Amino acid sequence: MASTLLRTSPVIRGALRASGAIKPAVGIASTTFVRGKATLPDLKYDYGALEPHISGKIMELHHKKHHQTYVTGLNTALETIAEAESKGDFTKAASVAPLLNFHGGGHLNHSLFWENLAPASREGGGEPSGVLKTAINEDFGSFDTFRKQMNTALAGIQGSGWAWLVKDKQSGTLGLVTRANQDPVTGQYVPLLGIDAWEHAYYLQYENRKAEYFEAIWNVINWKTVGSRFEKA
Amino acid sequence: MVNLGTLVQYLALQGGPQQQQQQILSGDQFNMSLITETTYTLPSLPYAYDALEPHISSQIMTLHHDKHHQAYVDGLNAALKGLVAAVKANDLPAQIALQPRIRFHGGGHINHALFWANLAPAGSEETNADKVAGGLVSAIEGVWGSMEGFRKEFGAALVGIQGSGWGWLVKDGQTLKIVTTKDQDPIVGGEVPIFGVDMWEHAYYLQYLNVKAKYVENIWNVINWKTAEERFLGERDDVFEALRAALKF
Ligand SMILES: [Fe+2]
Ligand SMILES: [Fe+2]
């Protein structure tokens, strides 16, 4: 039990120290791990630019605080892993996997999210065009059906998570997937459009009325970005 | 009407350890026909909406109780209605397909009902652990060394939850444990829930925004140690009996 371990470990540590079994940590420069650090990407629009659909306050907190926390957490996880690996402590390195998945996923998901949104006065809203439009019509029947299915998927998330429009690499078709918490879309699916269904994404403005947020967000979807992701996928 | 204890047993059947499932099945404590005509209702709060100010705002409490908890009650009733129909129709695939919704909404109902009852206005006698929870306090000190040590470890567990979920102090046999659960998974594995803290963002966001550590720090001011002590001294069934009586289930 964790509590027991915590209670006894200082004693064990003390005993080990007394017997000289633990040497001071080797001075591995932490700067070794700085390379490849994740950084918070800038938004391509102002915090208030998605109003009235997503408030400026939500956007600011969401980007500056929440996304930043994932970036920081990801870097910490990567440093811990690199440090553990350099000492040959692979058990320790492996134990960081859930944090890497959570914060790495959070960083990835939000980075994709900001780019698949745009102000309603600019690229935001409307309907997809070109080959994406054709594919949506083929795989969902119509744009309207797709939207409804996406909203149903979003409403059905039990807890925190995301819904994604994805391209299946094997079949080449479009599909909808949901992911819990910050689990990223990986494997056979290429993420094209993500919608954040965590409460922090809407609560200050929509409170418990999440269906209103899921309706409003269609006014700020950047179909140009989604279309070019589809073409590259 | 079916009481909350029955719902807990039902949920335990789906998610509990093998051994407990066997016990419940062989002990014939759960009968599918009990589910018929079940309608759960939202219990009223045992205090005013603003009674937990300034630690939990009146606005949060109002939305949390009137909207969120209500939605779990409604979702549970709808899912159970579907289950009754599926049982009557002998439609096993439909019964199985309903399980996640029953677990989610049923768990949401149980968790929030336990939560409201394990909170109390700051400064009230119920929040004075030393005065009203002697047995529990010494058990906590036995496990974590001190109340401060326990609060630290419990707080770290709460802040470490990835996504929506709950943190609980539970009695597991003769020992105390801190457990975290995801989404609305209820404590139905046989442990006695002593108190829980809701770590969904809706529980604190309007007041604390992204700074959840501050919410966790302040929650200690409104923990109802009297309820906690009663749950600690009782058995699992007592917890839900007391809850039902207090909240008029
Ligand atoms: Fe988010
Ligand atoms: Fe809640």
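This is a predicted model: local features need pLDDT of at least 70, side-chain atom pairs count only at pLDDT 80 or more; totals for chains, interfaces and linings use all residues.

Reply: Buried area is the accessible area (1.4 Å probe) that two parts lose on being put together, summed over both. Between domain 1 of chain B and domain 2 of chain B it comes to about 2,500 Å², with 67% given by carbon and sulfur atoms. B:His55, B:Asn111 and B:Leu114 supply 27% of the area that domain 1 of chain B buries against domain 2 of chain B, more than any other three residues.

Residues are numbered from 1 along each chain as its sequence is written, chains are lettered from A and ligands numbered from 1 in the order in which they are written, and side-chain values use heavy atoms, without hydrogens and water.

Domain 1 of chain B covers 4–47 + 55–117 and domain 2 covers 125–246; these bounds come from an automatic or database domain assignment. The contact (heavy atoms within 4.5 Å) takes 27 residues from domain 1 and 34 residues from domain 2.

One salt bridge (a side-chain nitrogen of Lys or Arg within 4 Å of a carboxyl oxygen of Asp or Glu) is found across this interface. B:Arg103 forms a salt bridge with B:Asp185, their closest N and O atoms being 3.5 Å apart.
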